[in-house]
Amino acid sequence: MTTLRIAIRNYQDFERAFEEEARLFEASHAGVKVELVSIGIHELYKSALKAGGLREGRFDLALLVTDWLSEGVASGALEDLHIWQRRTPIADWPDGWARSLTRPLTFGEKLSSLPWHDGPECLVYRKDLFEDSTLRARHRVQVGRELEPPATWQEFEETARFFRNPATGLFGTLFAAFPDGHNTLYDFALQVWSRGGELSDADGTPRVNAAEAVRAIEFYRRIVRDPAVCHPQSPRLDSTQSGDVFLAGEIAMMVNWFGFAARSDREGSPLAGKVAIAPIPADRGCKPVSLSVFWALTMGSGSKQKELAWEFLRFAATPEHDLGITRHGLVGGRLSTWRDPALQARIPAYREIEGISLGARQLPTGPKMAEFAGVIDEIVTRALTTDDPTAAILDESQHEIERKGIRFA
């Protein structure tokens, strides 16, 4: 019996999708056992990259978020998949995927991984609430404009405040503000970009104390700390937990991942047919912006059974199996999945994912991306738990970035 070990994040939807793929792969490969090692997101990063799990062969494959890929390539932990693609190619690669999913995976001449679960950020909102005639009339009187998905951050705050209803337990919005090195970084990037700012100077030095960043954090800390606007559990919610709160019917709208809109239309969901997506708000005069961060399957450079690992990657990348993970609330990466008529009929949000994804921005890359995310975590934690001036928090964080020598590629 040959065992293929795959490290994945301990998220229920991921686990269910991988369990199905593992069973199907085993059924078509006699004598092969797929062992799934499901662990927390911090342990996944530590075990797969920092502790050498991929480089030393303890894992044959691992599911990594795109934030970590540059570090994985720089440390020699990831197998160059271009070598295997030339030997036994995956059909339609790369043209069968959106460019926004293929570009972030290539570093120089090396292909670090293959897309597995996508989901660009967007405004996810309860269209049943926005279309309610009573609420629309009340919003017109109270706020002075029509009840539509907000186009600016000012409109977002006003409408979130309008929707708060203590009698029904409805909150206007929420943010995944738990400092886990991920969504705080993503929220920071979106808040800065949507105000016309950038995350770095021309030489690749991260810049967290520019005027746009000050405005971004001022807005973020005001919103998250105000229970009349934002769900009070936000500072303790990670990304998946925030999606669960939305899907429980407690939130009117949120800036979050496309996948949560897709999950809302799963069979048995109380929000089936009640959720839609729209562009993320921006400051007046600034264009809407989205962010593409996704989960990719990597092969460990130290794997002792690379041919079998490549067979699994090819298996997971087929149109059939890419579409198959959508049954578990996940978001495949192939254009054929996004364009599938039956899927679009069942989950209408898929009619819009291609346009959102193609226009989405990627985070800067660099081997110290995890350290940069840690700095952003500290910024958000101080902003939400202290009354320290925002400018002082950001200036001190900028000094920390420079002291640590953090640079983007």
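Trainee: How much space lies in the largest pocket?
Mentor: About 160 Å³. Keep in mind that this is a predicted model.

Trainee: Which residues line the largest pocket?
Mentor: The lining is made of His42, Tyr45, Asp67, Trp68, Asp180, Gly181, His182, Met369, Ala370, Ala373, Gly374 and Asp377. By type, they split into five nonpolar, four polar and three charged.

Trainee: And which elements give two or more residues to that lining?
Mentor: Helix H2 (41-50) and helix H18 (369-385). H18 gives the most, with five residues.

Trainee: Let's stay with H2. Which of its residues are buried?
Mentor: Ile41, Leu44, Tyr45, Ser47, Ala48 and Leu49. Tyr45 is also in the lining of the largest pocket.

Trainee: What do the buried residues of H2 pack against?
Mentor: They pack against strands S1, S2, S3 and S10, plus helix H3 (69-74) and H18.

Trainee: What follows H2?
Mentor: Gly52, with a positive phi near 80°.

Trainee: Now the sheet. In what order do the strands run?
Mentor: S2-S1-S3-S10-S6. That is an open sheet of five strands with mixed pairing.

Trainee: Why is one side of S2 and of S6 left without a neighbour in the sheet?
Mentor: S2 (32-39) and S6 (114-117) stand at the edges, and each has a single partner strand, so one side of each has no neighbour in the sheet. On average, neighbouring strands of this sheet are turned by 30° against each other, direction ignored.

Trainee: In which sense do S1 and S3 pair, parallel or antiparallel?
Mentor: Parallel, over two bridges. S1 covers residues 2-9 and S3 covers residues 61-65. Ala7 has Ala62 in S3 as its bridge partner.

Trainee: What does helix H1 touch on the sheet?
Mentor: H1 (residues 12-28) touches S1, S2, S3, S6 and S10 (295-299). The direction of H1 makes about 170° with that of S2.

Trainee: And where does H13 lie?
Mentor: H13 (residues 306-316) lies across S1, S2, S3, S6 and S10. The angle between H13 and S10 is about 155°.

Trainee: What is the volume of the second largest cavity?
Mentor: About 70 Å³. Its lining includes Glu21, Trp116, Leu313, His321 and Asp322. Eight of the lining residues are nonpolar, one is polar and two are charged.

Trainee: Which element gives the most to that lining?
Mentor: S6, with three residues. H13 and helix H14 (319-324) each supply at least two.

Trainee: Backbone next. Which residues does a cis peptide bond join?
Mentor: Trp93 and Pro94, with omega at about 0°. Pro94 is in the loop between helix H4 (81-87) and helix H5 (99-102). Most peptide bonds are trans.

Trainee: What is phi of Asp92 near?
Mentor: It is near 75°, a positive value in a residue other than glycine. Asp92 is also in the loop between H4 and H5. Asp92 counts as partly exposed because its relative accessibility is 48%.

Trainee: Last one. Is Pro206 buried or exposed?
Mentor: Pro206 is buried, with a relative accessible area of 0%. Pro206 is in the loop between H9 and helix H10 (211-224).

Trainee: What does Pro206 touch, not counting residues up to four places away in sequence?
Mentor: With those left out, the contacts are Leu199, Ser200, Phe372, Gln398, Ile401, Ile406, Arg407 and Phe408.

How values were computed
Residues numbered from 1 in each chain as written. Predicted model: local features only at pLDDT ≥ 70, side-chain atom pairs only at ≥ 80, totals over all residues. Heavy atoms only, no water. Pairing = 2+ DSSP bridges. Helix = DSSP H or I, 4+ residues; strand = E, 2+ residues; numbered from the N terminus. Axes fitted to C-alpha atoms, helices over the stretch in contact; angles between N-to-C directions. Contact = heavy atoms within 4.5 Å. 1 Å grid on protein atoms, 1.4 Å probe; cavity = no way out; pocket = protein on both sides within 12 Å on 5 of 7 lines; lining within 4 Å. Points joined across faces, edges and corners; volume = space filled by probe spheres on them. Nonpolar A, V, L, I, M, F, W, Y, C, P; charged D, E, K, R; others polar. Buried < 20%, exposed > 50% of the residue type's maximum accessible area, 1.4 Å probe, protein only.
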